[in-house]
Amino acid sequence: MILSTEQRAAVDALLVDACARRDWVLHARNVRTTHVHVVVSAAVDGEIVRKKLKALASKELSEQAGLPVDMGKNGAKKWWTEKGNIEEVETERQLAATVVYVVEMQ
């Protein structure tokens, strides 16, 4: 799947809104044509954050494309691969380096 400029912008806006609604701190994001990098601080497990953001982004992209949103597991539009990397950041120095990587080195 290769995201268009419009799709990338929609996912980017969704990330900002979704994190704000949940009081998650969005430190950085980079919506690429084939994947997304997000640096988030949240009071929940990283897998929950990833699952929620991917689900919301999938719904947004499906709505934007005029596709049924609730097609069930077997008929759902597959926008993302399964899972994804989650790396815990322990220090301010690691956080700063991770933000630089996501924003400048992608």
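Trainee: Where does Asp 23 lie?

Mentor: Asp 23 lies in the loop between helix 1 (5–21) and strand 1 (25–31), where helices (H or I, at least four residues) and strands (E, at least two) are DSSP runs, numbered from the N terminus. This is a predicted model, in which local features need pLDDT of at least 70 and side-chain atom pairs count only at pLDDT 80 or more, while totals for chains, interfaces and linings use all residues. Residues are numbered from 1 along each chain as its sequence is written, and side-chain values use heavy atoms, with hydrogens and water left out.

Trainee: Why is Asp 23 called exposed?

Mentor: Buried means under 20% relative accessible area, exposed means over 50%, and partly exposed is in between (1.4 Å probe, protein chains only). Asp 23 has 70% relative accessibility, so Asp 23 counts as exposed. Asp 23 also has a positive phi of about 60°, although it is not a glycine.

Trainee: What makes Lys 83 exposed?

Mentor: Lys 83, which lies in the loop between helix 2 and helix 3, has a relative accessible area of 62% and is therefore exposed. Its phi is near 55°, again a positive value in a residue other than glycine.

Trainee: Why does Tyr 101 count as partly exposed?

Mentor: Tyr 101 lies in helix 3, and because its relative accessibility is 41%, Tyr 101 counts as partly exposed. Together with Val 100 and Met 105, Tyr 101 makes a nonpolar surface patch of about 300 Å².

Trainee: How do you know that Glu 88 is exposed, and which residues gather with Glu 88 in a patch of negative charge?

Mentor: The relative accessible area of Glu 88 is 64%, so Glu 88 is exposed, and its place is in the loop between helix 2 (46–64) and helix 3 (92–104). Asp 45, Glu 47 and Glu 90 gather with Glu 88 in that patch on the surface.

Trainee: What makes Glu 60 partly exposed?

Mentor: Glu 60, whose place is in helix 2, has a relative accessible area of 27% and is therefore partly exposed. Glu 60 and Asp 17 are 43 residues apart in sequence and 12 Å apart in space, C-alpha to C-alpha.

Trainee: Which residues have the most contacts inside the largest nonpolar core?

Mentor: A nonpolar core is a set of buried Ala, Val, Leu, Ile, Met, Phe, Trp, Tyr and Cys residues joined through side-chain atoms within 4.5 Å. The largest one has 14 residues, and Leu 3, Val 11, Leu 53, Leu 61 and Trp 80 have the most contacts inside it. Helix 1 and helix 2 are the elements that give two or more residues to this core, and the largest share, 5 residues, comes from helix 1.

How values were computed:
Patch = residues over 30% accessible without salt bridge, like charges linked within 9 Å, V, L, I, M, F, W, Y side chains within 5 Å. Areas by Shrake-Rupley, 256 points an atom, 1.4 Å probe, with all protein chains shown as cover. Salt bridge = Lys/Arg side-chain N within 4 Å of Asp/Glu carboxyl O. Lys, Arg positive; Asp, Glu negative; His and termini not counted. Charge placed at Lys NZ, Arg CZ, Asp CG, Glu CD.
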